[in-house]
Amino acid sequence: MIKNWAIYLTILFPVLIFSQKQPHEFVNKKDSLLPGTATSISFKIENNSPEDKIYNLNATTSTQYITPIITNNELKISAGEHTSYIVPIRIAAETPQGSYTISLYRTEKGNENQLLQSVQVTVSGSRKVSLSLLNSPEFVRAGDTIKSTFLLKNSGNTVENLILKSSSNTTINQDSSLLLQPGESKVVRISKNTDPSLGKNEYQNLNLSAYSPEYPKENFTAYTSVRIISIHPVEDDIYYRFPVSASLSFIGMRNRGIYDNGFQGEIYGKGSLNKENKGQLEFHAVTPNPVEFSTFTQYEEYFINYRTENFFAHLGDKTYSSSFLTEFARYGRGAELSYDFKKVTLGGFYNHPRFFRDIKDEFNIYSKFRFNKKTEITAGYLYKIPRMEEGNFSFNNVQLDSNAHLPYLAGKFQPIKNIDVSGELAYSKTDNTEGKAYMIQAQGNFKRINGSVMYMRASPQYAGYFTNTSTFNGNIQYKISEKLNVFANYVEDAKNFQRDTLLLAAPYRKFLQYGINYRYMKTGSIMLYNGFQKYQDRLEPKEFDYYENFFKVSVDQKIGIFQLNLESQFGKTDNYLTGFSGSSSFYTVNLSFEKFKTSFNLYGSYAITSRYQLKNQKQIYYGARIISQFTSKSYLSLFYQNNYMPEEYYKDRNLLEVLFHQQIFPGHEFDVSGRYALQRGELGNKDFIFSLRYTLRLNMPVQKIADYTTLSGNISNLGVKKVEGIRLLLGSHLSVSDKNGNFLFKNISPGDYFLEIDRSTTEINDIPSIPLPAPVSLTNKENIFNFGLTSAANIQGQIHFNESEEKNQLSFAQFQNKKEKKKKDNIILEASNGDQIFRKIAVIGENFDFTYLRPGDWTVKIYRNGLDKRYKISMDTFHFTLKSSETKSLVINVVKQQVEVKYQQEEIKVGYNKIKK
């Protein structure tokens, strides 16, 4: 037993020596061998002859990446014996995955006969990709390009197909798809443009990611952060300012054949009066309109309001509202107050309506009680005073004949999660009538289904916003899958309501539609509708009154830059106005796209309808809108539409519109517009409106919040020719040093800045004694900053590669044949002085340098960068002090390690005798 152990140890002695220099232990497998390890392969050698024999053994492999540690040897085998011969091999880290052959050639001494024995081995795959930052600037001036480099390395033994991607607005300066062979590395360069108009210094983060389509969940990412120094900074103001805009317009209008014109002024301001932003003030004043009011011109308005976290006060014009049932929206002139006591809010208003002749004045008070975020109750009282002296104007046959009292109670709560319920009860009493109204609304939102429903009812004598009417609307949507959902909508308008006469009421409508929506691809969907609709004109004489069953198809599709919408609707119409029935068909196309900073929207529609005066009446509608943003300070808008459907009579409608906006310089804007329009209620008579408008935007100082500061300093001469005439930059401020190196910045707003030096005003080799740009925080009234100017130093060096062999040593086999071109291995060099770090990749056997370095203590470190472990860097760290104008020379030695393999003095046979039967 002891003899057998001695034999094996003797044979494996060279292998044990080699294994001490490897990161992994030897293995004895022929399959699933790991790259970067050492193992051994055994061959069985037999001598079946009756005499002793001596063999010359030569081991080879089928690849340059697998190398025998001992290639040649001599072995003596006695007659009739069997022997195991062990060949130690080393598998390089970059050995590709696959099967390989280990061959042993056996030549009998004194005989030319050669025998071949082979063994198949399998090298398993090993993925190891790394991505790291190589170099990136610490500072970049706004408008310059950030350029960063990253090192992408494949340390595994499989070919990597990698896709590169980066953050938005970042350019990868090479093909974003690449193949990395085992052991191969690539330097990836990315760049990003910065905005030259940046108003504040800021950080910008860049990243680079690499991933393989075969392994999408494995993502390799490296980051860098760069400080952007503004070249046109907006300094922090020492005053807190309130924004105000003032404008003057000249308006002309041909209104129903009569031309009128004049000037209109406007002033508007909104903002806080202190830097703590605890209260917000808003005011607006518009002088009377020189022409008849329309949607496209402003009406006379004056108001001022003030708001804090708990308090609100308003004086002047606004749309006043007490509740949905009592006074939903009433524009007028008055005052409003409210105060929030956290759980309770008290408030009220007085309003003198301006566009509703039935009401002279109205008063409202209310209390709101909040139990939690989802539950609250509001109790209020509205008092209306009619305008008796002007003859009781009626709207929709509703007459207010005396003072009206309207108490109301409203609330909202959440009975269960995902469902919100709200409602209101109201009561009205006049001298002659009593009425009531109620409203309830519910909304639900679940994972697959969501919807809402609302019902309102007002009695015939109710004197609120609605009278003798009801309304119901609801919608529901069910999500069957990510691509498919069904929906339904129902709307029934209120018939009698007391809206302002500023605009006409929309037609009465009642409709139901239900359908299905299918998204057949990410950029396309189709919707199928079915339902009915009823439209009735509210004016006399009526232009339309019909009931229609319809089916509609709508397709949305994005094709490149184009967004296309196609709609077709087919319906059967009962025309109550004329008493006949017929079909109504509509075909509509919408096309939109954006190009050259210009958006285009084209519209066309063709209809054959029985909704109006004629049966099978043909209608064609078409139009376009073009908006072009020339610069950030100017744009042009063009709009045209040949006509509108009669159902849209209640609003002002553009037929032709041209708008141009130009900012002349900051704070001064110019607008010109002209349009042909159909005014509300008109179906064919066009009117022309044009406007010329000048706007001045001011930031009025209301509070001084800081004092101006100064920055002074001295540039000391540390061995340079001069320190006079050196330009220094601090934000947008400039200073030039005198003959003694003194400089001064006056009247600087407090804040954080960067002090820069204009290198064009120094000698080419001059360098500041501290890193510049340097951050400077100006908080005191007087600030001092000193630094020196010296001559830059350099580092130059060579990387020597030593590959000497001695006769009594057996070296490792090369990965490549000597006839082949030798692979250029490289290392990473890093030079650092504690404040700055510079890195570069250097090729073994070539020169390197670091230029324009600040004198002082420096450290140069050498990183292997995946260098083969057989190569040793004699010294991987250098510490030294650089003097002014000094060029330091370094020599980096890379030595190929040798393993000495010794033989025992006496031969020990490993084998066994044949057993004779």
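This is a predicted model: local features need pLDDT of at least 70, side-chain atom pairs count only at pLDDT 80 or more; totals for chains, interfaces and linings use all residues.
Strands of a sheet pair through hydrogen bonds of the backbone, in either a parallel or an antiparallel manner. Strand β17, covering residues 239-255, runs antiparallel to β18, covering residues 258-272, and twelve bridges join the two. Within this pairing, serine 245 is found opposite tyrosine 268 of β18. The two strands form a hairpin that leaves two residues between them. In its turn, arginine 256 has a positive phi of about 55°.

Strand β18 also pairs with β19, which spans residues 279-286; the two run antiparallel and are joined by seven bridges. Here serine 272 is placed opposite glutamine 280 of β19. The hairpin of β18 and β19 has six residues between the strands. In this hairpin asparagine 277 adopts a positive phi near 60°.

Another arrangement of strands is an open sheet of four, ordered β45-β44-β47-β49, in which the pairing is antiparallel. From one strand to the next, the twist averages 30°. Strand β44, residues 727-730, is antiparallel to β45, and four bridges join them. In this pair of strands, leucine 729 stands opposite leucine 734 of β45.

The account now turns to charged side chains. Side chains that carry opposite charges can pair when their charged atoms come close. Over the whole structure, a search finds 30 salt bridges. One of the salt bridges is formed by glutamate 160 and arginine 127, whose closest N and O atoms are 3.0 Å apart. Glutamate 160 belongs to strand β11 (residues 160-166), whereas arginine 127 lies in the loop between β7 (114-123) and β8 (129-135); the pair therefore ties together parts that are 33 residues apart in sequence. The two partners may also be described by their accessibility. Glutamate 160 is buried, its relative accessible area being 2%, while arginine 127 is partly exposed, with a relative accessible area of 28%.

Arginine 611 takes part in a salt bridge with glutamate 548, with an N to O distance of 2.8 Å. Because glutamate 548 lies in strand β34 (residues 545-559) and arginine 611 in the loop between β37 (598-609) and β38 (617-631), this pair ties together parts that are 63 residues apart in sequence. Glutamate 548 has a relative accessibility of 0% and counts as buried. Arginine 611, at 5% relative accessibility, also counts as buried.

Arginine 611 forms a salt bridge with glutamate 647 as well, and in this case the closest N and O atoms are 3.6 Å apart. This pair links distant parts of the chain, 36 residues apart: arginine 611 is in the loop between β37 and β38, and glutamate 647 is in the loop between β39 (634-641) and β40 (653-665). Both arginine 611 and glutamate 647 are buried.

Elsewhere, salt bridges are joined into a network. Its members are Glu300, Asp317, Arg333 and Arg354.

Note on methods: Residues are numbered from 1 along each chain as its sequence is written. Side-chain values use heavy atoms; hydrogens and water are left out. Two strands pair if DSSP finds at least two bridges between them. Axes are lines fitted to C-alpha atoms, for helices over the stretch in contact, and angles run from 0 to 180 degrees between N-to-C directions. A salt bridge is a side-chain nitrogen of Lys or Arg within 4 Å of a carboxyl oxygen of Asp or Glu. Buried means under 20% relative accessible area, exposed over 50%, partly exposed in between (1.4 Å probe, protein chains only).
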